[in-house]
Amino acid sequence: MSGRLKTILIVGGGSSGWMAAALLSHLFQGLYKIRLVESEDIGTVGVGEATIPAIKKFNELLELDEAHFMRLTKGSFKLGIQFNNWDRIGSSYIHGFGVIGQDLGWLRCHQYWLKMRLQGEAGDFANLSINTAAALKNKFMPARPDMGDSPIAHIAHAYHFDAGLYARYLRTYSEERGVIRTEGKITDVALRSDDGFVEAVTLDSGERIAADLFIDCSGFRGLLTEAAMQTGYEDWTHWLPCDRALAVPCSRSDNFTPYTKATAHGAGWQWRIPLQHRTGNGHVFSSKYMDEAEAERILLSNLDGEQLAEPNRIRFVTGKRKKVWNKNCVAVGLAAGFLEPLESTSLYLIQSSLIRLIPLFPDGGSDQAYIDEFNRQTDFEYERVRDFIILHYKATQRDDTPFWRYCRDMEVPATLQRKIDLFRVNGRIFREDEELFGEESWIQVLLGQGIIPQGYDPLVDVRSEPQIVQYLGNIENVIGKCVDVMPSHADFVARYCDAKAGA
């Protein structure tokens, strides 16, 4: 890249394209000319309807009004994810957002719970997190920071919403801030002969569009980064063998949960995402261990409402581009890589890439140092999210199908094995650098998946057993009282952001 950067072309719409357009147009305030090319004839995957709390920061950065955004996207609230049948058939736990109990002295709450569990005297671990306890009773309210040390001050929430409506919402937002949208299919990508940088794209209309920086949001095809630039792809299916998904909406049921459900089946898992106007469902599975007809039968027989459309069929290869930023092209969303939506990280990885790009934004001069740092950070993030998802498959007692026996017995990345080994001894877990999932997330999933430490941190024994019993009992009691006074999820949504009330 030479000379000052003046023009940015975003290739592809959907969630990734319009999230990129919205953020860049908001932050740069006309500094660059931003254009987005998309075709109405090219569909989007459109299954990213569940999020994690980081999406709140993205929306706040754009200065979106939460209630207005929720009404327009027909959204609901999310306190966590319920995992059913993962450790064994019949097992269930919730990975709740937010804190677990309250630290006591030097140690996290779970350390004291581990001691009581070894003695056979521990209560349900779910009762030590307000997010989890509220989710199990279909209760919801946002955090009240003014309530100090109350558990209500520490509620963390995310959203379920219609991804197509979210993209449409951000399109309006972006166009109001100067983004130019062009309808059309790209028929050719021109690379500069001397250095391989992207020079321009040509549309089916014959129009040629040049730019200084290209954001590739063209989905799995990676129209620029892979089809034209041949960047290369790291295949992670030996750790995450699912490679197919079927997605289908059904009518909304009375069970309007403030959490996503992920139910394990014989060769994969099924998601359930409640929206105001419908419920999103999908079955992620491995074609090596289950044929599509059987996967569809399982999906459709486990809907809790009337089927509203034919299943959308999706093929994918889990992994990431070898260079997410290559020369003057940054891949975002599915063009950058794919990790199955087991922990609702799809939209987060779009958001994270964009926010990582801003402080490393090229100035048109010598940009290789920026590119290398961006790719280093991106590799770290994808790999650590990958490890967290692998954990759900590896840590299982299931041996009822070849798929689960493969997952149970497979070797996992050393970075994940180290975490498992540390936790298995006495429940210690450490967050590395800026990895996405914090200690609370690892603790809940490790315990939920049946990895119970052999002991506990020796500092626990600084407290007497009566002190520990009183400490854990107080946490459960206070959380229980807080949950009792919270409104139901359905009542809160109806009062706060009812989509039927209009924008």
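How many bridges join strand S18 to S21, and in which sense do the two strands run? Two bridges join strand S18 (residues 319-321) to S21, and the strands run antiparallel. This tour begins there and then moves through the rest of the model.

The model is predicted: local features need pLDDT of at least 70, side-chain atom pairs count only at pLDDT 80 or more, and totals for chains, interfaces and linings use all residues. Residues are numbered from 1 along each chain as its sequence is written, and side-chain values use heavy atoms, with hydrogens and water left out.

**Stop 1**

Helices (H or I, at least four residues) and strands (E, at least two) are DSSP runs, numbered from the N terminus. Two strands pair if DSSP finds at least two bridges between them. Within the pair, Lys 320 has Gly 337 of S21 as its bridge partner. The three strands form an open sheet in the order S12-S18-S21, with antiparallel pairing. Strand S12 (233-235) and strand S21 (337-338) are the edge strands, each pairing on one side only.

**Stop 2: the seven-stranded sheet**

Now select the seven strands of another open sheet, whose order is S5-S4-S14-S15-S16-S13-S17 and whose pairing is mixed. Its edge strands are strand S5 (92-96) and strand S17 (312-315), and each pairs on one side only.

Five of its six residues are buried, so S14 is largely enclosed by the rest of the structure. Here buried means under 20% relative accessible area, exposed over 50%, and partly exposed in between (1.4 Å probe, protein chains only). Strand S4 (residues 80-84) runs parallel to S14 and is joined to it by four bridges; Phe 83 has Ala 262 of S14 as its bridge partner. S14 also pairs with strand S15 (residues 268-274), in the antiparallel sense over five bridges. A hairpin of two residues joins S14 to S15, and His 265 is the bridge partner of Gly 268 in S15.

Move to strand S13 (residues 244-250), which pairs with S17 in the antiparallel sense over four bridges. Leu 246 stands opposite Arg 313 in S17.

**Stop 3: the nonpolar cores**

Select Ile 215 and Tyr 393. These are the residues with the most contacts inside the largest nonpolar core, which has 146 residues. A nonpolar core is a set of buried Ala, Val, Leu, Ile, Met, Phe, Trp, Tyr and Cys residues joined through side-chain atoms within 4.5 Å. Helix H10 (residues 368-394) gives the most to this core, with nine residues. A second, separate core has 15 residues, including Val 11, Val 37, Val 198 and Met 229.

Contact means heavy atoms within 4.5 Å. Leaving aside neighbours within four places in sequence, Tyr 393 is in contact with residues including Trp 86, Trp 269, Phe 403 and Arg 408.

**Stop 4: helices H12 and H13**

Select helix H12 (residues 414-426) and helix H13 (residues 439-448). Their axes come within 11 Å and cross at roughly 75°. On H12 the contact is made by Leu 416, Lys 419, Ile 420 and Phe 423, and on H13 by Trp 442, Ile 443, Leu 446 and Leu 447.

**Stop 5: residues in loops**

Select Leu 107, in the loop between S5 and helix H4 (109-118). At 6% relative accessibility, Leu 107 counts as buried. Leaving aside neighbours within four places in sequence, Leu 107 is in contact with Tyr 112, Asp 457, Leu 459 and Val 460.

Arg 108 is in the loop between S5 and H4 as well. Is Arg 108 buried or partly exposed? At 26% relative accessibility, Arg 108 counts as partly exposed. With neighbours within four places in sequence left aside, its contacts are Asp 103, Glu 439 and Glu 440.

Finally, select Asp 433, in the loop between H12 and H13. Asp 433 is exposed, with a relative accessible area of 62%. Its phi is near 45°, a positive value in a residue other than glycine.

Notes:
Axes fitted to C-alpha atoms, helices over the stretch in contact; angles between N-to-C directions.
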